[in-house]
Amino acid sequence: MMPERRAFLINSIRNLGLAASGGMVWSVFVEEGKSAPFILRPPGALPEAKFIASCIKCGMCVEACPYDALTLAEPGDNKPVGTPYFIPRTNPCYMCKDIPCVPVCPSGALDASLVSKKDLNGETRLNIDLAKMGLAVIDRETCVAYAGIQCDACYRACPLIDKAITVEYTRLERTGKHAILAPVVHSSACTGCGLCEKACVTKKASIFILPREKVMGESDMSYIKGWDAQDEERLREAPEEVTTKTPRSSKNPVDYLNQEEF
Amino acid sequence: MKKYKYLIARRLTQSAILFLFFAGNASGWQVLKGNLSSAKAFDLIPLSDPFAALQITSTGTLLAWNAVIGAVIIFLIYAIAGGRLFCGWVCPVNMVTDLANRLRDVFIGDAALRSWEIKRGIRYWVTGLSLILSALLGVAAFEWISPIGTLHRGIIYGIGLGWAFVAAVFFFDLFAVKNGFCGHVCPLGGFYALTGRFGFLRVGYDKDKCTLCMKCLDICPEKQVLYMVGQQSGAVVSGECINCGRCIEVCRDNALRFSNIYSKKFS
């Protein structure tokens, strides 16, 4: 009996060892493939980590897109394989009102509730203006409008004109008699559709979409704009009481007065 | 022709499913949309790969109802049908590995190039490992590297460098291990072997008719499931049988046939 048990044990150990070494190579491969920090997802996509966990790679969003803007990442694209993305410069999101790519998602990786809002009758409706696919960023050094040349291609292309992109007028000091009509992006309204990037006239786009978490900062509760009703809303999420804990704060202040060296 | 009826039927089924998916994407046909990971049939019935759904669930993600219902439907279909019906009749990689194995038989032969011996039970380890790694890495681990996904997505949407995955499987089967990928390693095959264990459609064997020519064992990609040939009458029990029916086709004694193991006629 003993040799059999021995063989079984050795076999189990060998299998476990094989599984462990195979699993490690496999893990490294997957971990490498997971990191595509600048990928842009369809509207209504969950945050990236959750998105790649829940996307089942069926491509139904890709098929639903009437503009063929979405692509499934292929091996060699250096993106999480089989997941949908778009490249605004070549094919931006045209922000369809009925957002056909989102309701077809079977797995919930594209979540309709992230791009829906209650209308006046209390019915929940899809609203593409709520999409947060990315954020337009302007390179002021190469943008010709910032150089004083009249160009408003991105401003005119923006589906949320005067909300997501506005034009700010300043005096062009170089000539002394002209104006700079500078496009400015507002993160509260920008959906990251990329129509501006597509429209940009410079050789390489001077306005381009990046994932929001890559380009946006975040201020904590210490800095709430009291004059801004929307920012004031953040106070609702604030905890009742904020206390700072340090090694010293665990002691009672009165004890300090009773200390010998005082 | 009778000698190849199941083979032809299988190739037609495999190609038709891929074609319908392809047409669903390219021309908007409504019969099948999506791909083998998740699909919608007739714009109504959700279908999902239950193993992919299981991996996604083990990442700690709650799948939407559509994918869950679809996974249950597909799971029930294969559980009721029995064997690895998916592997033999649906999976596109079957065509690749069948070609590799055919070439191996015709041009190389086992005498010239002995197959490496690896255990067929490895697939269950890989099945388990897929779920463990999914939980650890936070993404469906096998879907990430699956040559099956790469191939059917590739055919429907464009394959990129995915040919390398498929070629790797092809050469592995051609030069290293006979029936290597589908018959030893593939975790989806392992999953479906467990799924189809108690289904009704199995290959039945009649010892009285058998003349022990052993052609069935020569052709079978999962030889261990035909353990009863020459021993006793009965049906294939193992879920590892892919129900390809090649053994039935090559048998000149009508000793093998597809049967319903739960019917009274069958004993």
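A: Let's start with the terms: Ala, Val, Leu, Ile, Met, Phe, Trp, Tyr, Cys and Pro count as nonpolar, Asp, Glu, Lys and Arg as charged, and the others, Gly among them, as polar. Please keep in mind that this is a predicted model.

With those classes in hand, the lining of the largest pocket sorts into 20 nonpolar residues, three polar ones and no charged ones. The pocket itself holds about 860 Å³ of space. Its lining is made up of 23 residues, and those nearest the centre are A:G22, A:W26, B:V126, B:I145 and B:V185.

Both chains take part. Chain A brings helix 1 (2-34), while chain B brings helix 6 (122-137), helix 7 (141-145), helix 9 (163-176) and helix 10 (180-185); these are the elements that give two or more residues to the lining. Helix 1 of chain A has the largest share, with eight residues.

To place this in the rest of chain A, look next at its two domains: domain 1 covers 36-131 and domain 2 covers 135-217. Their centres, taken over C-alpha atoms, are 24 Å apart. Where the two are in contact, domain 1 of chain A contributes 15 residues and domain 2 of chain A contributes 20. About 1,300 Å² is buried between these domains, with 63% of that area coming from carbon and sulfur atoms. On the domain 1 side, A:F38, A:R89 and A:M95 supply 42% of the area buried against domain 2, more than any other three residues. Salt bridges between the two domains of chain A number zero.

Conventions: Residues are numbered from 1 along each chain as its sequence is written. Chains are lettered from A and ligands numbered from 1 in the order in which they are written. This is a predicted model: local features need pLDDT of at least 70, side-chain atom pairs count only at pLDDT 80 or more; totals for chains, interfaces and linings use all residues. Side-chain values use heavy atoms; hydrogens and water are left out. On a 1 Å grid over the protein atoms alone, a cavity is a set of points where a 1.4 Å probe fits but cannot get out, and a pocket is an open set with protein on both sides within 12 Å along at least five of seven lines; lining residues have an atom within 4 Å of a point. Grid points are joined across faces, edges and corners, and a volume is the space filled by probe spheres set on the points. Helices (H or I, at least four residues) and strands (E, at least two) are DSSP runs, numbered from the N terminus. Domain bounds come from an automatic or database domain assignment. Contact means heavy atoms within 4.5 Å. Buried area is the accessible area (1.4 Å probe) that two parts lose on being put together, summed over both. A salt bridge is a side-chain nitrogen of Lys or Arg within 4 Å of a carboxyl oxygen of Asp or Glu.
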